[in-house]
Amino acid sequence: MAPHPGIDTDQIKEKARKDLLGLLEGVRGKKNLVIEKSLAGPIGIFVKFSTLQDHGIDKVFFLENDNVDASQKNVIFLARGEKATQPIAIAKQIKRLQKNGSIEHEFSVIWVPRRTLVCNKILEEAGVLGDVGVEEFSLHFIPLEQDLLSLCLEDSFKDLYLQKDPTCIFLAAQALMPIQQAHGLFPRIIGKGDNAHRLMELLLRMRTEQAADDSNTYKFGMLPSASIESLIIMDREIDFATVLLTQLTYEGLIDEMFGVKYNQAEIDSSIVGPASGAQQSGKSVGAPQHQGMKRKIQLDSSDKLYEQLRDANGAIVDGLLNKVARRLQNDMKSRNAESISELRDFVGKLPGYQSEQQSLKIHINLTEEIMKNTQGDIFRRSLEVQQNLYDGSDPSYQHDTIEELISRDVPLTTVLRLLCLESCISGGLRQKDLDNFKRLILHAYGYQHLLTLDALEKMGLLSTRASANVLTNPLGVGGAAAESTKTNYNYLRKVLRLVVDEVNEQNPNDIAYVYSGYAPLSVRLVQSIVQKQHLLTITKGASAASNGVSSVAHGWQGFEDALRNIKGETFNKVQKGEESAVKARHMLAGTGGKPKSVVVMFLGGITFTEIAALRFVARQEEGRRRILICTTDVIGGDGMMEAAIEKGDFGKG
């Protein structure tokens, strides 16, 4: 994955590291650090615990554990300031230390990414605001990979679609603005969805405000970028169905089975073996001191083997591993050197071989464990229901299987994903069927899930069918009114060719390989902008593509009918600067034949399979443009359901 022209993700990571260490150095002497749990993983990506120790950090505590001790005079709290929970917890711990501590502490609070009025008010009412030094750490996008930036907002999906809290939209706008300031305006902002439209409007307003406030911004920020082609914003609610499907890429399957967070998966050591001493010494911030029977595996491009496997369909991974194993075996057989120089070359390569062998062993064990799961009856039955639903089969034929899964006491998330998938694809469930499933779920899993089902309805994931002809309405009649209700998958399945019958998983020629035959709607929409002619060819045929839309057509042109059948606002905004300044920039920059970047922002979360599909598109576009993926967070179907599932228990009456 090559760095993007003008957008250096390594530079973003280095700036975050320097800013944090600078804030910590601002507190002289030894200090204890109290960090919010959800920040430990993201911060561990760009700074290690050993580095923090070098900058005066003695011990690290989690804010939620409420166990910071009085071993150091200086105590620094690092937390997000968007919600009341964190400042309340900080105020409580400060008061406890002031009351029980034998020494007079000095407290500092670093708010991420900004200080809010809520924080100030809560600390003031607790009577501790005057006792703390307050700083801001403007941490926005965190590079998970060279082509992937995330805000790492774990609750963004729940906040946006259940709580209707638009904070993550504002934070996304704050994260995108520095890119415009550094590289020029996004020449075109294109997107789909109501929340995406709000983000676009917020970016335009911020641009106007900064132009008024700062004359320097006007000089370099008010001109369209010479290195960025466009910003594409996708609202998650236009395509809930893709997240609900079981991910079938290697990285997606690891996420489904074990969970992948911030480039790490916590896996039982009986599967991958115990961690070596070297791996333990390089642990990240917030890593537990005693892993027990769990081991954290690093899953990013630093593991060259994983980089080859991550985006492949899970069905072919064992074959790829066999090839690597045979190559390593042949390399080791040829180690009998005949001269000193050959021996020196082999010894130089030996650490690489050992590292690759260790990586190979881990991924073979992981693959074996994944195959045990995918060959199980519950996985196969669940996948069969999903495939029948997106193929367009009558959903009522799947109800017996879903009822059987409930009776077998499968995890609630599995059942809810299937019901929500049917609701999304079929325009809702019949009232009679929905009532029946609600009753079965309450009896099998507990009456607290009345609140779970209500939350799913609030998010628009579970609903009743408005009319009997939803499934048979191929044209999505209703224009703008139809846009604001539900995404019509039954129409889009044909016009955007979402289902590909003969998908080549070994040498894929379409993004549908990531779901073994289903193309994510969200990525199809990105293709309709960056690969317009290609998508027109596969959906309407070569003749229609050549006769219809010009190859230089911008925005949504050529796919207007499809967009009318997708939930939410459609927009295509061109940002222009002063004509003379634009001409001057293009003369100075020149074309140079360098590929431009397309920034794709997923508001509400993106799955690993969609990331794999976008990387597939990027490989096809190599030399013409590069794709930088941005998101509020990386999510999966289980995580989506967990946002709604009621954790409390009503008890046994």
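Glu251 is buried, at 2% relative accessibility. This residue sits in helix α11, which spans residues 250-257. The model is a predicted one. The protein has 30 helices and 15 strands, and this briefing visits some of them.

**Helix α11 and what follows**

- Helix α11 is mostly covered, with 7 of its 8 residues buried.
- The buried residues are Tyr250, Glu251, Gly252, Leu253, Ile254, Asp255 and Glu256.
- Beyond its neighbours up to four places away in sequence, Glu251 touches Val260, Tyr306, Arg310, Asp311, Phe608 and Arg615.
- Just after α11, Gly259 has a positive phi of about 90°.

**The protein as a whole**

- The protein has 653 residues, and buried ones make up 53% of them.
- Take the contacts between residues at least 6 apart in sequence: 80% of these join residues at least 24 apart.

**Helices α4 and α5**

- Helix α4 covers residues 85-100 and helix α5 covers residues 117-125.
- Their axes come within 9 Å and cross at roughly 30°.
- Angles under 35 degrees count as roughly parallel, so α4 is roughly parallel to α5.
- From α4, the contact uses Pro87, Ile88, Ile90 and Ala91. From α5, it uses Cys119, Ile122 and Leu123.
- The residues of this contact divide into 7 nonpolar, no polar and no charged.
- The crossing of α4 past α5 is right-handed.

**Helices α7 and α8**

- Helix α7 runs over residues 167-183, and helix α8 over residues 194-213.
- The two axes come within 9 Å and cross at roughly 50°.
- That angle makes α7 oblique to α8.
- α7 passes α8 in a right-handed crossing.
- On the α7 side, the residues that meet α8 are Ile169, Phe170, Ala172, Ala173, Gln174, Leu176, Met177, Gln180 and Gln181.
- On the α8 side, the partners are Asn195, Arg198, Leu199, Leu202, Leu203, Met206, Arg207 and Gln210.
- By type, the residues of this contact are 10 nonpolar, 5 polar and 2 charged.

**Buried residues in strands**

- Ser108 belongs to strand β4, residues 106-112.
- Its relative accessible area is 16%. Buried means under 20%, so Ser108 is buried.
- Leaving aside neighbours within four places in sequence, Ser108 is in contact with Val27, Val75, Ile76, Phe77 and Gly133.
- Ile228 is in strand β9, residues 228-235.
- Ile228 is buried too, at 0% relative accessibility.
- Ile228 and His183 are 45 residues apart in sequence, yet their C-alpha atoms are 7.6 Å apart in space.
- His183 is also one of the residues that Ile228 touches, not counting those up to four places away in sequence.

- Leu453 is found in helix α21, residues 449-458.
- Leu453 counts as buried, at 3% relative accessibility.
- Not counting residues up to four places away in sequence, Leu453 touches Leu416, Lys438, Ile441, Leu442 and Leu462.
- Leu453 and Glu646 are 193 residues apart along the chain. Their C-alpha atoms are separated by 9.0 Å.

**Backbone details in loops**

- The peptide bond from Val112 to Pro113 is cis, with omega near -10°.
- Pro113 lies in the loop between β4 and α5.
- Tyr262 has phi near 50°, a positive value in a residue other than glycine.
- The loop that holds Tyr262 lies between β10 (260-261) and β11 (264-268).
- Tyr262 counts as buried, at 12% relative accessibility.
- Asp409 has phi near 60°, which is positive in a residue other than glycine.
- Asp409 is in the loop between α18 (399-407) and α19 (412-426).
- Is Asp409 buried or exposed? At 55% relative accessibility, Asp409 counts as exposed.

Definitions and conventions: Residues numbered from 1 in each chain as written. Predicted model: local features only at pLDDT ≥ 70, side-chain atom pairs only at ≥ 80, totals over all residues. Heavy atoms only, no water. Helix = DSSP H or I, 4+ residues; strand = E, 2+ residues; numbered from the N terminus. Buried < 20%, exposed > 50% of the residue type's maximum accessible area, 1.4 Å probe, protein only. Contact = heavy atoms within 4.5 Å. Axes fitted to C-alpha atoms, helices over the stretch in contact; angles between N-to-C directions. Parallel < 35°, antiparallel > 145°, perpendicular 65-115°, else oblique. Left-handed = near helix turned anticlockwise from the far one by under 90°. Nonpolar A, V, L, I, M, F, W, Y, C, P; charged D, E, K, R; others polar.
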